[in-house]
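Have the coordinates open as you read.

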Amino acid sequence: MKQIVINGGKKLQGTVRISGAKNAAVAIIPAVILSDGICRIENIPNIMDVNLIANILHEMGARINRINKTTLEIDPSPIRRPVANYDIVRKMRASCYLLGALLGKFSYAEVALPGGCDFGVRPIDQHLKGFGILGAEHNVVGGMICVKADHLTGGHVYLDVVSVGATVNIMLAAVKAEGRTIIENAAKEPHIVDLANFLNSMGADIRGAGTDVIKINGVKYLSGTTYSIIPDQIEAGTYMVAAAATDGDVVISNVITKHLESITAKLREMGVCVEENEDSVHVYRKGALKRCNVKTMPHPGFPTDMQPQIAVLLSMAEGTSIVTEAVWDNRFRYVEELKRMGAVISVDGKVAVIEGVKELNGAPVKATDLRAGAAMIIAALAANGVTHIEDIEHIERGYEDVVEKFGGLGADIRIVYTDDGIVQRA
Ligand code: EPU
């Protein structure tokens, strides 16, 4: 078993380079299935979720050539059977994008029901509603979702909830459908825009991505392309918060500052200095952290994927802060872990009330999911003493070289291998 062990209390200093966006990569790689040529994708983060989705394509027959750590060349032409079974898809949520991509290419898809982070019910009714409007029927047999259409035709889809996954899946299914598809109340996240840009670079006709109305005119043919994925908004936000939590002085490079605006605004409200440059942000503090309230919202609101990390910072701010989780039903499971480090937080449903404390103290804790794991790292970096973080495979799903990157900023952080829970010092 692996743990991350952190000896806290060191101010982070220096520059960290942000990797490609996980949630763009896990949409763009399945989207390659739609291509009639070979695609070269650059700036792919080398993380578990992305390697899993690339493996799924490989197991389905795609030829994948790793050019270097961050570049893959994918030839989807050998894929003949639009089926992804449970063994290969159960570990990740984004495998449901195979439904849209395979349906768009073959008018048929059979994909096992997805897994992923556990923060409450994760329905896909809006994805299926969209497929239905494009003319596909679905049924569930033996844990597999099967969607099929005689002929996909464009349609008008109004999403009842703003859903990243449904927006991605409907775009994928519609891109080669006959006629025009309109998605209203679409998600506006940066990775939605990145996916649309990728598809357009292959010859798709998608307009409006980044607004709440996306218009897709179906095309018959999509050529191969070379495309570079955007930097990861949430990885950048995580390092920004870590810099503030440790009273450090960090330049976070290779970012799109516009994507970070909601995070920057909250940090400034807490008294943190954030200087924006062309493709970097410089984060440091001039005094104590101030309390504030945070409510998660779809983009351009404050991202739910930054909620656990900002809660750590608020737990060290002066006064009482309120965090409202408005996207997921159950995204406060990490709070019990944070309380082990001395945080004072009470949760009632989707609301957490955080009483700031002067300091956190090291403790054995668990990463209850990916972003919760990132929050534990931040808490441990800021805490007095040593923290052991278990279940770090969640963190490895989404953060490239996390130990090396924090180590490069001066953190005392390492991975240790344990045997039956007994820690072996590395
Ligand atoms: N929802 C429905 N019906 C649906 C789809 C969604 O009711 O058919 C609800 C969900 O239950 C949730 C809300 O809509 O309450 C938003 O869900 P969404 O579909 O937007 O989430 P997702 O596509 O499953 C992606 C990210 C998550 C991120 C959310 C919200 C990927 C692979 N995952 O999930 O990222 O939290 O959007 O921004 O893009 C992470 O990276 O740590 C992560 C969990």
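## Helix pair and cavities

α1 and α4 cross in a right-handed way (the near helix is turned clockwise from the far one by less than a right angle). This is a predicted model, where local features need pLDDT of at least 70, side-chain atom pairs count only at pLDDT 80 or more, and totals for chains, interfaces and linings use all residues. Residues are numbered from 1 along each chain as its sequence is written, and side-chain values use heavy atoms, leaving out hydrogens and water.

The axes of α1 and α4 (residues 97-106) come within 9 Å and cross at roughly 25°. That makes α1 roughly parallel to α4 (angles under 35 degrees count as such). Axes here are lines fitted to C-alpha atoms over the stretch in contact, with angles from 0 to 180 degrees between N-to-C directions. Helices are DSSP runs (H or I, at least four residues).

In the contact (heavy atoms within 4.5 Å), Val26, Ala27 and Pro30 of α1 meet Tyr97, Leu98 and Ala101 of α4. By class that's six nonpolar, no polar and no charged residues.

Now the cavities: a search of the whole structure turns up two of 30 Å³ or more.

| Cavity | Volume | Lining includes |
|---|---|---|
| Largest | About 70 Å³ | Ala21, Lys22, His191, Arg371 |

A cavity is a set of points on a 1 Å grid over the protein atoms alone where a 1.4 Å probe fits but cannot get out; lining residues have an atom within 4 Å of a point. Volume is the space filled by probe spheres set on the points, which are joined across faces, edges and corners.

α1 (22-31), α7 (190-201) and α8 (233-245) each supply at least two residues to the lining of the largest cavity.

Methods:
On a 1 Å grid over the protein atoms alone, a cavity is a set of points where a 1.4 Å probe fits but cannot get out, and a pocket is an open set with protein on both sides within 12 Å along at least five of seven lines; lining residues have an atom within 4 Å of a point. Angles under 35 degrees count as roughly parallel, over 145 as roughly antiparallel, 65 to 115 as roughly perpendicular and the rest as oblique. Ala, Val, Leu, Ile, Met, Phe, Trp, Tyr, Cys and Pro count as nonpolar, Asp, Glu, Lys and Arg as charged, and the others, Gly among them, as polar.
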